[in-house]
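The sequence and the model come first, followed by an orientation and notes grouped by topic.

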Amino acid sequence: MSDHDALIAAARKARENAHAPFSNFKVGAGLRASSGKIYGGCNVENATYGLTICAERVAIFTAISEGERGFDAIAVVTDTDSLTPPCGACRQLIWEFCGDVPVVLANLQGKSEMICMRDLFPKPFDSSNL
Ligand code: THU
């Protein structure tokens, strides 16, 4: 199994736990830490809508809360023909916590593509601007 296959598999598995009764749009993320461990995340919605948290941020916060610092790659899986890129808020946090990592976008049919954060999130605001 390639590095990216393992990440995609973790994202698919995490997606099964998505709580998306309002959008019915289930998302899974897989995040590889520098330790080698892979963390999953799914989107979790709520009745106010606005307090919803995306799969990518759940994966990042889970890993951070487990003591991880430094990440190598992240995958995002949805059940769509057109692959799903991270939303703007998630791009900010992926950039701040992971830097210029590869972002693997995949669907349940086995389609995938890879894009680097520097291309997905050009001209970021981060601690270097403070
Ligand atoms: N969502 C994610 O989990 N990640 C993304 O990158 C895009 C959007 C979720 C949030 C919400 O639960 C649903 O997808 C529809 O926006």
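A residue is called buried when its relative accessible area is under 20%, and exposed when that area is over 50%. By this cut-off C90 is buried, because its relative accessible area is 1%. The model described here is predicted.

**Ligand site**

- Which residues surround the ligand? They are S23, F25, V27, N43, E45, T52, C54, A55, E56, P85, P86 and C87.
- Sorted by class, this shell consists of seven nonpolar, three polar and two charged residues.
- The protein buries 79% of the 380 Å² that the ligand exposes when taken alone.

**Helix α2**

- Helix α2 spans residues 55-65, and eight of its 11 residues are buried, so the helix is largely enclosed by the rest of the structure.
- The buried residues of α2 are A55, E56, R57, V58, A59, I60, A63 and I64. Of these, A55 and E56 also belong to the set of residues around the ligand.
- The cover over the buried residues of α2 includes the strands β1 (28-33), β2 (38-42) and β3 (71-78), together with helix α3 (88-98).
- Just after α2, G67 adopts a positive phi of about 95°.

**Helix α3**

- In α3 the buried residues are C90, Q92, L93, I94, W95 and C98.
- These buried residues pack against β1, α2, β3 and α4 (117-120).
- Just after α3, G99 has a positive phi of about 75°.

**Cysteines**

- A disulfide is a covalent bond between the sulfur atoms of two cysteines.
- How many disulfides does the structure hold? The number is zero.
- The closest cysteine sulfur to that of C90 belongs to C87, at 3.8 Å, which is too far for a bond, because a disulfide requires the two sulfur atoms to be within 2.5 Å.
- For C98, the closest cysteine sulfur is that of C90, at 11 Å, and this too is too far for a bond.
- Is C98 buried or exposed? With a relative accessible area of 11%, C98 is buried.

**Surroundings of C42 and A18**

- C42 is placed in strand β2, and at 11% relative accessibility C42 counts as buried.
- Not counting residues up to four places away in sequence, C42 touches A14, R15, N17, A18, V27, I53, C54, A55 and V58.
- The C-alpha atoms of C42 and K26 are 7.5 Å apart in space, while the two residues are 16 residues apart in sequence.
- A18 occupies the loop between α1 (3-15) and β1, and A18 is buried, with a relative accessible area of 11%.
- Apart from neighbours within four places in sequence, A18 is in contact with K26, V27, C42 and N43. Among these contacts, V27 and N43 are also found around the ligand.
- A18 and C54 are 36 residues apart along the chain, and their C-alpha atoms are separated by 9.6 Å.

- Most residues other than glycine have a negative phi.
- Y49, a residue other than glycine, has a positive phi near 65°.
- Where is Y49 placed? Y49 is in the loop between β2 and α2, and at 57% relative accessibility Y49 counts as exposed.
- K123 is not a glycine either, yet K123 has a positive phi of about 55°.
- K123 lies in the segment after α4 and is exposed, with a relative accessible area of 81%.

Conventions:
Residues are numbered from 1 along each chain as its sequence is written. This is a predicted model: local features need pLDDT of at least 70, side-chain atom pairs count only at pLDDT 80 or more; totals for chains, interfaces and linings use all residues. Side-chain values use heavy atoms; hydrogens and water are left out. A residue is near a molecule or strand if one of its heavy atoms lies within 4 Å of it. Accessible areas come from the Shrake-Rupley method with a 1.4 Å probe; for residues, only the protein chains shown count as cover. Ala, Val, Leu, Ile, Met, Phe, Trp, Tyr, Cys and Pro count as nonpolar, Asp, Glu, Lys and Arg as charged, and the others, Gly among them, as polar. Buried means under 20% relative accessible area, exposed over 50%, partly exposed in between (1.4 Å probe, protein chains only). Helices (H or I, at least four residues) and strands (E, at least two) are DSSP runs, numbered from the N terminus. Contact means heavy atoms within 4.5 Å.
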